Amino acid sequence: MIPMIGRLYREKNVTTTVYSRSLVNKSVIQILKTHRFVKQIEDGLSDSGLSVVDSFPILQEAVKLDLGPCRLDIGKLAVEYKNDNRGLSVEDFVREALSEAVENKAKLAGTTDVVLYGFGRIGRILARLLIEKAGSGDGLRLKAIVVRESGKGDLQKRASLLRRDSVHGPFAGTIAVDEEDNALIANGNYIKVIYSNDPASVDYTQYGIENAVLIDNTGKWRDEEGLSQHLQCPGIARVMLTAPGKGNLKNIVHGVNNDMIDDSDKIISAASCTTNAIVPPLKAIEDKFGIEYGHVETVHSYTNDQNLLDNFHKGPRRGRAAPLNMVLTETGAATAAAKALPSLNGKLTGNSIRVPTPNVSMAILNLTLEKETSLEEMNEYLRWVSLHSPLQRQVDFVSSPDAVSTDFVGSRHASVIDAGATIVNGRHCVLYVWYDNEFGYSCQVLRILQQISGVEYPVYPPE
């Protein structure tokens, strides 16, 4: 299966999945575990879950077809085939189920250039994700990163930071440095490193970059006036901000309000990691039970904005040593949540406690609901949301009694409901929500990028 999955991905931009969980670049054990996971979703399967014996013939037939770029769910197709009573052969069933993926091939061609402005924690994770999703080279293509030159050995240091990460582990592949042309070559992707201190002075077209989406990871400019400097540069068509936007900028949480994005929007914000973590479960709760009011408390890993040792800081408390203290600070996530979910306007308050861990945070949602419910109903509903709802890419669900923060490093969901910690008493509910404030947030940013670039590929079978 592994060579077939790789060939579909590299040659046709087809991502093979099992119930929305990607099989690309996965090991034998990971593929088997993904199949076993299906037993949580589908009734009538054996205790071992879906078998590769069922999905392998589906994959074999799919490889024979001239498919266009898409997400191919061989798990769902295998279950559908088992339940199909028409007596079709596997070949005929797969050809019928994927006929549209063949017909749409010509409509989905094209690439979008991407520029990363800033190469810190989020910038490097986005680089990893973009390289991982390069596939055949169509779709999103990371063409350049823009940074301030820091002196001799700058390029080697940036390559090393991309290659090794103390939290997220080693880069999956190879990275070479082209000193002569100031470029990184990551898994064959040629990425120009541009040095600049002025966001309005770079001519990207001289590097072969056209109509690109620029992702500003610096957080230095957060309003339309500041970010529009990028649009003055030849080669840049749109700008995304990986921080809460100010003024009239649209703050987008993918899966919740991404339908607000218009073709005319040249600058948009992906909001904050905490906003992306709390808004999807809040929307799910609001839709089912209604929210009268609530308080959001985030227990957040420390960030580069804090000091390693006590030193001057323009903000209160943040000057105290981050690895040694719990630091009470403010969060704008509660206010930002109301921008993404207007029905919550004036209903939420929020605060944050920074703690001495390098990654993975928790949001505690203390809510008063409009309808009474029970612990069982609440957890079962949130489990359904994570498996079957339109929010399944944003909300995950765990019921392990031993889950701790490091278990969620690398989670691609915006938030993970910890079912074992849920408290319900009539109309009062407390939810504990884990989130990888670096990786999970970056995945949300990438989903917006895919949408505005027109490379959000169709899913087969349709969701």
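Predicted model: local features only at pLDDT ≥ 70, side-chain atom pairs only at ≥ 80, totals over all residues.

Biologist: Is Thr368 buried or exposed?
Modeller: Buried. Its relative accessibility is 14%, and the cut-off for buried is under 20%.

Biologist: Which residues is Thr368 in contact with, leaving aside neighbours within four places in sequence?
Modeller: Ile291, Glu292, Tyr293 and Arg427.

Biologist: Switching to strand 16. Which residues are buried on each side?
Modeller: Strand 16 spans residues 395–398 and is covered on both faces. Val395 and Phe397 are buried on one side, Asp396 and Val398 on the other.

Biologist: Why two sets like that?
Modeller: Side chains in a regular strand alternate between the two faces of the sheet.

Biologist: In which sense do strand 16 and strand 17 pair?
Modeller: Parallel, over 4 bridges, with strand 17 running through residues 415–418. Val398 has Asp418 as its bridge partner there.

Biologist: Zooming out. How many helices and strands in the chain?
Modeller: The chain has 13 helices and 19 strands. Its radius of gyration is 23 Å, close to the 23 Å the globule rule gives for 463 residues, so the chain is as compact as a globular protein of that length.

Biologist: What share of the residues is buried?
Modeller: 52% of the 463.

Biologist: And the contacts, how much comes from residues 24 or more positions apart?
Modeller: 70% of the contacts with a separation of 6 or more.

Biologist: Last one, charges. How far apart are the mean positions of the positive and negative ones?
Modeller: 4 Å, for 50 positive and 56 negative charges.

How values were computed. Residues numbered from 1 in each chain as written. Heavy atoms only, no water. Buried < 20%, exposed > 50% of the residue type's maximum accessible area, 1.4 Å probe, protein only. Contact = heavy atoms within 4.5 Å. Helix = DSSP H or I, 4+ residues; strand = E, 2+ residues; numbered from the N terminus. Pairing = 2+ DSSP bridges. Rg over C-alpha atoms; globule rule 2.2 N^0.38 Å. Lys, Arg positive; Asp, Glu negative; His and termini not counted. Charge placed at Lys NZ, Arg CZ, Asp CG, Glu CD.
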